[in-house]
Amino acid sequence: MDENLKKALIGTAVEMREKAYCPYSNYQVGAAILTKSGKIYGGCNIENASYPATICAERTAAVKAVSEGEKEFAAVAVAVSGTATGYPCGVCRQFLNEFASANMEVYLINKEGAVVEENFDCLFPHGFKGKDMD
Ligand code: THU
(Lines give C-alpha, C1' and ligand atoms only; values in the text may rest on other atoms or scores of the structure.)
Protein backbone atom coordinates (compact mmCIF):
# COMPACT_ATOMS: atom_id res chain seq x y z
CA MET A 1 0.00 0.00 0.00
CA ASP A 2 1.12 3.55 -0.80
CA GLU A 3 3.10 4.88 2.19
CA ASN A 4 1.41 8.31 2.18
CA LEU A 5 -2.06 6.78 2.15
CA LYS A 6 -1.07 4.42 4.94
CA LYS A 7 0.23 7.37 6.99
CA ALA A 8 -2.98 9.33 6.35
CA LEU A 9 -5.14 6.34 7.31
CA ILE A 10 -3.25 5.70 10.54
CA GLY A 11 -3.21 9.45 11.29
CA THR A 12 -6.98 9.63 10.94
CA ALA A 13 -7.50 6.66 13.28
CA VAL A 14 -5.24 8.29 15.89
CA GLU A 15 -7.05 11.63 15.54
CA MET A 16 -10.46 9.97 15.81
CA ARG A 17 -9.40 8.26 19.04
CA GLU A 18 -9.50 11.73 20.64
CA LYS A 19 -13.20 12.01 19.75
CA ALA A 20 -14.17 8.83 21.61
CA TYR A 21 -17.18 9.13 23.91
CA CYS A 22 -16.30 6.50 26.50
CA PRO A 23 -17.28 7.68 30.02
CA TYR A 24 -17.97 4.08 31.15
CA SER A 25 -14.89 2.19 29.96
CA ASN A 26 -12.47 5.10 29.54
CA TYR A 27 -11.07 3.07 26.65
CA GLN A 28 -10.70 5.27 23.59
CA VAL A 29 -10.83 3.78 20.12
CA GLY A 30 -10.47 5.54 16.79
CA ALA A 31 -10.91 3.89 13.41
CA ALA A 32 -10.33 4.90 9.82
CA ILE A 33 -11.43 3.20 6.62
CA LEU A 34 -9.84 3.73 3.22
CA THR A 35 -12.38 3.05 0.49
CA LYS A 36 -11.63 1.75 -3.01
CA SER A 37 -12.32 5.27 -4.34
CA GLY A 38 -9.43 6.60 -2.23
CA LYS A 39 -11.41 8.43 0.46
CA ILE A 40 -10.85 8.04 4.19
CA TYR A 41 -13.69 7.90 6.71
CA GLY A 42 -13.06 8.10 10.45
CA GLY A 43 -15.05 7.08 13.49
CA CYS A 44 -14.77 6.57 17.25
CA ASN A 45 -16.45 4.44 19.88
CA ILE A 46 -19.62 5.99 21.27
CA GLU A 47 -20.82 4.51 24.53
CA ASN A 48 -24.25 4.61 26.11
CA ALA A 49 -25.60 4.36 29.67
CA SER A 50 -27.48 1.34 28.35
CA TYR A 51 -24.22 -0.50 27.64
CA PRO A 52 -25.33 -2.74 24.74
CA ALA A 53 -26.33 0.37 22.78
CA THR A 54 -22.63 1.25 22.50
CA ILE A 55 -21.17 1.37 18.99
CA CYS A 56 -17.55 0.53 18.30
CA ALA A 57 -15.21 2.84 16.40
CA GLU A 58 -14.94 0.47 13.42
CA ARG A 59 -18.69 0.38 12.91
CA THR A 60 -19.00 4.16 13.31
CA ALA A 61 -16.44 4.60 10.52
CA ALA A 62 -18.09 1.92 8.36
CA VAL A 63 -21.53 3.48 8.76
CA LYS A 64 -20.13 6.86 7.76
CA ALA A 65 -18.51 5.40 4.64
CA VAL A 66 -21.47 3.32 3.49
CA SER A 67 -23.93 6.15 4.11
CA GLU A 68 -21.85 8.22 1.67
CA GLY A 69 -22.20 5.52 -0.95
CA GLU A 70 -18.84 3.79 -0.35
CA LYS A 71 -19.34 0.05 -0.29
CA GLU A 72 -15.82 -1.28 -0.94
CA PHE A 73 -13.20 -1.00 1.75
CA ALA A 74 -9.50 -1.24 0.84
CA ALA A 75 -7.88 -0.85 4.28
CA VAL A 76 -8.77 -0.23 7.91
CA ALA A 77 -6.83 1.28 10.82
CA VAL A 78 -7.78 1.02 14.49
CA ALA A 79 -6.05 3.07 17.20
CA VAL A 80 -6.66 2.27 20.86
CA SER A 81 -5.73 4.04 24.11
CA GLY A 82 -4.32 0.87 25.69
CA THR A 83 -0.86 -0.67 25.50
CA ALA A 84 -2.20 -3.98 24.12
CA THR A 85 -2.96 -4.30 20.42
CA GLY A 86 -6.66 -3.55 19.96
CA TYR A 87 -8.07 -6.19 17.65
CA PRO A 88 -11.58 -5.53 16.24
CA CYS A 89 -14.33 -7.31 18.16
CA GLY A 90 -16.33 -10.12 16.58
CA VAL A 91 -19.33 -7.96 15.73
CA CYS A 92 -17.09 -5.42 13.97
CA ARG A 93 -15.29 -8.18 12.04
CA GLN A 94 -18.65 -9.44 10.74
CA PHE A 95 -19.74 -5.88 9.92
CA LEU A 96 -16.51 -5.05 8.07
CA ASN A 97 -16.64 -8.38 6.24
CA GLU A 98 -19.70 -7.17 4.34
CA PHE A 99 -17.64 -4.45 2.63
CA ALA A 100 -14.09 -5.83 2.83
CA SER A 101 -12.06 -6.25 -0.34
CA ALA A 102 -9.92 -9.35 -0.84
CA ASN A 103 -6.74 -9.24 1.24
CA MET A 104 -7.85 -6.04 2.98
CA GLU A 105 -5.07 -4.61 5.08
CA VAL A 106 -5.69 -3.87 8.75
CA TYR A 107 -3.41 -1.63 10.85
CA LEU A 108 -3.66 -1.79 14.63
CA ILE A 109 -2.10 1.04 16.63
CA ASN A 110 -1.62 1.14 20.39
CA LYS A 111 -1.18 4.17 22.64
CA GLU A 112 2.58 4.26 22.07
CA GLY A 113 2.02 4.38 18.32
CA ALA A 114 3.30 0.86 17.62
CA VAL A 115 1.66 -0.48 14.45
CA VAL A 116 0.72 -4.15 13.94
CA GLU A 117 -0.10 -5.07 10.35
CA GLU A 118 -2.71 -7.74 9.75
CA ASN A 119 -4.73 -9.10 6.90
CA PHE A 120 -8.50 -9.12 7.31
CA ASP A 121 -8.82 -12.64 5.89
CA CYS A 122 -6.55 -13.88 8.68
CA LEU A 123 -8.61 -12.08 11.34
CA PHE A 124 -11.90 -13.36 9.93
CA PRO A 125 -11.50 -16.53 7.89
CA HIS A 126 -14.49 -18.09 6.13
CA GLY A 127 -16.69 -15.08 6.90
CA PHE A 128 -20.38 -15.27 6.01
CA LYS A 129 -21.37 -13.07 3.05
CA GLY A 130 -24.62 -12.47 1.18
CA LYS A 131 -23.42 -14.62 -1.72
CA ASP A 132 -23.45 -17.60 0.65
CA MET A 133 -27.26 -17.46 0.55
CA ASP A 134 -27.41 -17.99 -3.22
N1 THU B 1 -14.51 -1.06 21.19
C2 THU B 1 -14.32 -0.59 19.93
O3 THU B 1 -14.55 0.60 19.65
N4 THU B 1 -13.90 -1.45 18.98
C5 THU B 1 -13.66 -2.77 19.20
O6 THU B 1 -13.40 -3.50 18.24
C7 THU B 1 -13.67 -3.31 20.55
C8 THU B 1 -14.28 -2.43 21.58
C9 THU B 1 -14.99 -0.13 22.23
C10 THU B 1 -16.41 -0.39 22.67
C11 THU B 1 -16.41 0.21 24.05
O12 THU B 1 -16.68 1.60 23.97
C13 THU B 1 -14.98 0.03 24.54
O14 THU B 1 -14.20 -0.24 23.39
C15 THU B 1 -14.80 -1.09 25.54
O16 THU B 1 -15.35 -2.26 25.08
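Trainee: Is Glu 70 buried or exposed?
Mentor: In this predicted model, Glu 70 is buried, because its relative accessible area is 11% and buried means under 20%.

Trainee: Where does Glu 70 lie?
Mentor: Glu 70 lies in the loop between helix 2 and strand 3, the latter spanning 73-80.

Trainee: And what does the side chain of Glu 70 make a polar contact with?
Mentor: Its partner is the side chain of Tyr 41, at 3.4 Å.

Trainee: Turning to the ligand, which residues surround it?
Mentor: The surrounding residues include Ser 25, Tyr 27, Asn 45, Glu 47, Ala 57 and Tyr 87. By class, the shell has 7 nonpolar, 3 polar and 2 charged residues.

Trainee: Which polar side-chain atom lies 2.9 Å from an oxygen atom of the ligand?
Mentor: That atom belongs to Asn 45. In the side chain of Glu 47, an N or O atom is 2.5 Å from an oxygen atom of the ligand. Ala 57 takes part through its backbone, where a polar atom is 2.9 Å from a ligand oxygen.

Trainee: How much of the ligand's accessible area does the protein cover?
Mentor: The protein covers 77% of the 370 Å² that the ligand has on its own.

Trainee: A change of topic: which residues form the nonpolar patch on the surface?
Mentor: The patch is formed by Tyr 21, Tyr 24, Ile 46 and Tyr 51, with about 440 Å² of accessible area together.

Trainee: Where is Ile 46 found, and why does it count as partly exposed?
Mentor: Ile 46 is found in the loop between strand 2 (40-44) and helix 2 (57-66). Ile 46 counts as partly exposed because its relative accessibility is 36%.

Note on methods: Residues are numbered from 1 along each chain as its sequence is written. This is a predicted model: local features need pLDDT of at least 70, side-chain atom pairs count only at pLDDT 80 or more; totals for chains, interfaces and linings use all residues. Side-chain values use heavy atoms; hydrogens and water are left out. A residue is near a molecule or strand if one of its heavy atoms lies within 4 Å of it. A polar contact is a pair of N or O atoms within 3.5 Å; within protein, one must be able to donate a hydrogen and the other to accept it, and residues adjacent in sequence count only if both atoms are side-chain atoms. Accessible areas come from the Shrake-Rupley method with a 1.4 Å probe; for residues, only the protein chains shown count as cover. Ala, Val, Leu, Ile, Met, Phe, Trp, Tyr, Cys and Pro count as nonpolar, Asp, Glu, Lys and Arg as charged, and the others, Gly among them, as polar. Patches are made of residues with over 30% relative accessible area and no salt bridge: like charges are joined within 9 Å, nonpolar side chains (Val, Leu, Ile, Met, Phe, Trp, Tyr) within 5 Å. A salt bridge is a side-chain nitrogen of Lys or Arg within 4 Å of a carboxyl oxygen of Asp or Glu. Helices (H or I, at least four residues) and strands (E, at least two) are DSSP runs, numbered from the N terminus. Buried means under 20% relative accessible area, exposed over 50%, partly exposed in between (1.4 Å probe, protein chains only).
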